[in-house]
Amino acid sequence: MARRKAEPVEWELVANGEPLSAGEIEERAFGLLLQMTLTEKIAQMSGDSGRVRGVATMARAYNMKPMPAGENARLGIPAIQFSDGPRGVVVNHSTCFPVSMARGATWDVALEARVGDAMGVEARAVGANFLAAVCINVLRHPAWGRAQETYGEDPYHLGEMGVALVQGLQRHVMACVKHYACNSIENSRMKVNICISERTLREMYLRHFKRCVDAGAASVMSAYNQVNGAYCGQNPRLLRDILKEEWGFDGFVMSDFVFGIRDAKTAALAGMDMEMPFRWHFVNNLEKLVRSGEVPEAIIDEAVMRILRQKLRFAQVGEPDRYKEDQVACAEHRALAREVAQKGIVLLKNDPARGEEAPILPLNPACLERLAVVGRLAAEPNIGDAGSSKVRPPEVVTPLDGIRAAL
């Protein structure tokens with residue numbers, strides 16, 4: 001494809017305040033594609049950081065800053081700025097919301113959309129425009145290390161809550177739905193092969209992903225595991241046949257981090273669009289694979305169009321007046337986190353104490369002389385997991401502090 005002279009592209013709202021139509025977005029994306037060299041196209045398909053430096057940064061402080069992907073200074077194409085995670089914006093010092101499992105226990109889709117709105121505002125305020133917060137894996141294995149990151153074990157419930165979060169987030173940022181698919185175990189997730197029938201796959205593991213795709217999710221993240229003999233990040237049945245062709249998904253597929261793909265040729269042909277978070281398999285191998293004819297350049301063009309389409313779409317989205325530093329972990333968002341925590345509490349039993357008529361809870365401070373709080377974790381800040389769930393709020397109230405304040 002011949003390279004044309006670079007032309008400026010408007011990434012913000014057009015002069016009359018109206019966002020670009022779908023047709024205009026497609027036209028501008030294609031215009032950019034025509035101006036790119038093959039090297040520039042492939043650069044759109046990976047994170048901007050080198051592998052050695054990126055690993056060192058992740059080990060030091062995972063996602064403390066947004067992770068960029070696909071910046072092109074020559075053409076003025078901004079980077080996608082990635083942030084995890086399911087319980088709040090991992091970047092900087094953001095509001096820590098209750099885990100997805102607790103939010104799922106509210107059964108309140110309107111409340112979840114409000115959480116997505118707050119996360120989206122905080123993401124934009126700290127420089128991110130892409131949030132991997134929508135974890136909708138089916139919770140089937142009790143030892144799954146990310147059990148708290150998903151809403152529960154029912155596909156319908158997962159789909160409704162996932163859609164609510166997508167809609168809330170995408171008032172401000174691109175939403176990433178993860179981990180596609182059949183990711184329900186932790187220790188063996190890098191190698192396990194899920195052998196599954198078509199009916200079980202469709203009814204139990206895919207229907208909630210389709211709900212989010214139908215709701216307009218910008219991106220889907222592949223899982224680490226294999227499904228029926230092929231790794232999810234390079235699985236043509238999952239990525240190309242079902243997600244893109246059957247469901248008509250027009251966003252981009254992103255790999256799970258570091259080990260999300262194993263082979264550049266297999267992944268590209270299968271329908272993987274973006275390798276994250278480093279320059280690795282795609283940047284090192286795709287150009288020579290295209291030059292040798294092993295990967296058609298049309299495959300590269302398709303992936304780049306998907307990425308540019310969402311960059312342009314979400315450059316037109318948002319409420320800039322809200323994206324201010326004082327919105328991060330603000331009183332309003334903290335109050336929302338508390339509201340979710342209260343509504344997510346599931347009380348299994350609340351019988352009266354011996355000789356009493358009223359149930360034990362809620363505690364009546366007027367009737368208490370002393371209250372024993374047992375266990376060292378009561379006095380330690382403990383808000384959850386590491387990695388994609390590691391939110392770093394500016395302060396944490398311990399259970400003991402909270403009980404003292406209430407009583």
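Visitor: Where in this structure does Phe 314 lie?

Guide: In this predicted model, Phe 314 lies in helix α11.

Visitor: How do you know whether Phe 314 is buried or exposed?

Guide: The relative accessible area of Phe 314 is 7%, and a residue counts as buried when that value is under 20%, so Phe 314 is called buried.

Visitor: Which residues does Phe 314 touch, not counting residues up to four places away in sequence?

Guide: Phe 314 touches Gln 170, Val 173, Met 174 and Ala 218. Ala 218 is 96 residues away from Phe 314 in sequence, yet their C-alpha atoms are 8.9 Å apart in space.

Visitor: What is there to say about Arg 309, and is this residue buried or exposed?

Guide: Arg 309 is also found in helix α11. Its relative accessible area is 15%, and since the limit for buried is under 20%, Arg 309 counts as buried even though Arg is classed as charged. Leaving aside its neighbours within four places in sequence, Arg 309 is in contact with Ile 25, Glu 26, Ala 29 and Asp 250.

Visitor: Why is α5 called roughly antiparallel to α12?

Guide: Helix α5 (residues 109–125) and helix α12 (residues 331–344) pack at an angle of about 150°, with their axes 11 Å apart. Angles over 145 degrees count as roughly antiparallel, and therefore that name is given to this pair. Here the crossing is left-handed. On the α5 side the contact is made by Leu 111, Arg 114, Val 115, Ala 118, Val 121 and Glu 122, and on the α12 side by His 333, Leu 336, Glu 339, Val 340 and Lys 343. These residues divide into six nonpolar, one polar and four charged.

Visitor: What can you tell me about the largest nonpolar core?

Guide: The largest nonpolar core has 99 residues, and Tyr 180 and Met 254 are those with the most contacts inside it. Helix α11 (residues 297–315) supplies the largest share of this core, nine residues. In soluble globular proteins, nonpolar side chains tend to be buried together.

Visitor: With which residues is Met 254 in contact, leaving aside its neighbours within four places in sequence?

Guide: The residues in contact with Met 254 are Phe 82, Phe 130, Cys 176, Ser 219, Val 220, Met 221, Ser 222, Met 272, Met 274 and Met 276.

Visitor: What is the peptide bond from Tyr 180 to Ala 181 like?

Guide: That peptide bond is cis, with omega near 10°, and Ala 181 has its place in the loop between β5 and β6. The peptide bond from Lys 178 to His 179 is likewise cis, with omega near -10°, and His 179 is in strand β5, residues 174–180. Most peptide bonds are trans.

Visitor: What makes the phi of Cys 182 worth a remark?

Guide: Phi of Cys 182 is near 60°, a positive value in a residue other than glycine. Most residues other than glycine have a negative phi.

Visitor: How do you know whether Ala 329 counts as buried or exposed?

Guide: Ala 329, found in the loop between α11 and α12, has 15% relative accessibility, and that value is under the 20% limit, so Ala 329 counts as buried. Phi of Ala 329 is near 55°, again a positive value in a residue other than glycine.

Methods: Residues numbered from 1 in each chain as written. Predicted model: local features only at pLDDT ≥ 70, side-chain atom pairs only at ≥ 80, totals over all residues. Heavy atoms only, no water. Core = buried A, V, L, I, M, F, W, Y, C linked by side-chain atoms within 4.5 Å. Buried < 20%, exposed > 50% of the residue type's maximum accessible area, 1.4 Å probe, protein only. Helix = DSSP H or I, 4+ residues; strand = E, 2+ residues; numbered from the N terminus. Contact = heavy atoms within 4.5 Å. Axes fitted to C-alpha atoms, helices over the stretch in contact; angles between N-to-C directions. Parallel < 35°, antiparallel > 145°, perpendicular 65-115°, else oblique. Left-handed = near helix turned anticlockwise from the far one by under 90°.
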